[in-house]
Amino acid sequence: MCRSLVSIVIVLSLLLAGCASNYRVVEIPQREADMYPDSQTRDGLTIAIDEMRGSTRAQQYFGANLIRAGILPVSIIVSNHGEQRVAIKPADILLQRGRDIVDPVPLQTVIAIAQDQRVFLRKRTRESVESFFRSIAFTETVLQPNETYQGVMFFSNPRPRRRDDRYFSVWSLFEQGGPRMRVAVTEMDSQDRVHFGPFSLAAPQSSRSWARWAAFERY
């Protein structure tokens, strides 16, 4: 009886080992900021915004469908072609939706979501996934002249709430527009602040805008 139980445990262990998920990602391309269509240049500095709102891109670059999980990855690219050193940090990046401020999703939360989308990840693989996300996350940095830095920030990507009756909807008369991002860069020698934006971000997929649908409570 004990021998049979041991055999079952061994078989299950082998099956679980064989089902271990592979976690594959494609390296995010490293380009100069002025190569992106959504970019601005001031005082020798260029800032570009690349929002990865498509599920396919999110799956390709992050190994998980973050869009489906309500997370919007945004890549911020900074190219310094001026004569001064410049500094930038996550607190210098602001995302607004109407008058509301959209705070970044904590990186540990994003990592947990990515890990949980893959079953049977080995401990070593889970650690590799965490290390990968920390390596691509936007962090405080100082750029020398002719240097470029790129990092990703993750924001909440909510779907519009709808009434239970899918055949009834209310359209807002006053369009607030989609979310907008502003970026500030500090010139190290002069301590001057150079501001960029607002950059317009698109609405979530499968919705016409962030503010178009209004929801009603039941009476």
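Let us begin with Gln-115, which is located in helix H3, spanning residues 107–116. The model before you is a predicted one.

Is Gln-115 buried or exposed? Its relative accessible area is 9%, and because the cut-off for buried is under 20%, Gln-115 counts as buried. Which residues does Gln-115 contact, once its neighbours within four places in sequence are left aside? They are Leu-121, Arg-126, Val-129 and Glu-130. For Arg-126 there is a further detail: a polar atom of the Gln-115 side chain lies 2.9 Å from the backbone oxygen of Arg-126.

I turn now to the second largest pocket, whose volume is about 170 Å³. Its lining comprises seven nonpolar residues, five charged ones and no polar ones. Strand E2, residues 45–51, supplies the largest share of that lining, with three residues. Among the lining residues are Ile-49, Asp-50 and Glu-51. The lining also includes Ile-28, Pro-29, Arg-31, Met-35 and Tyr-36, as well as Arg-57 and Leu-201.

Finally, confidence. The protein has an average pLDDT of 80, and 74% of the residues score at least 70. Two stretches call for caution. Over residues 4–19 pLDDT stays under 50, and the model has three contacts beyond four places in sequence for this stretch. Over residues 205–219 pLDDT again stays under 50, although here the model has 38 such contacts beyond four places in sequence. Where pLDDT is low, predicted coordinates should not be read in detail.

Conventions:
Residues numbered from 1 in each chain as written. Heavy atoms only, no water. pLDDT = per-residue confidence, 0-100. Contact = heavy atoms within 4.5 Å. 1 Å grid on protein atoms, 1.4 Å probe; cavity = no way out; pocket = protein on both sides within 12 Å on 5 of 7 lines; lining within 4 Å. Points joined across faces, edges and corners; volume = space filled by probe spheres on them. Helix = DSSP H or I, 4+ residues; strand = E, 2+ residues; numbered from the N terminus. Nonpolar A, V, L, I, M, F, W, Y, C, P; charged D, E, K, R; others polar. Buried < 20%, exposed > 50% of the residue type's maximum accessible area, 1.4 Å probe, protein only. Polar contact = N/O pair within 3.5 Å; in protein donor to acceptor, adjacent residues only side chain to side chain.
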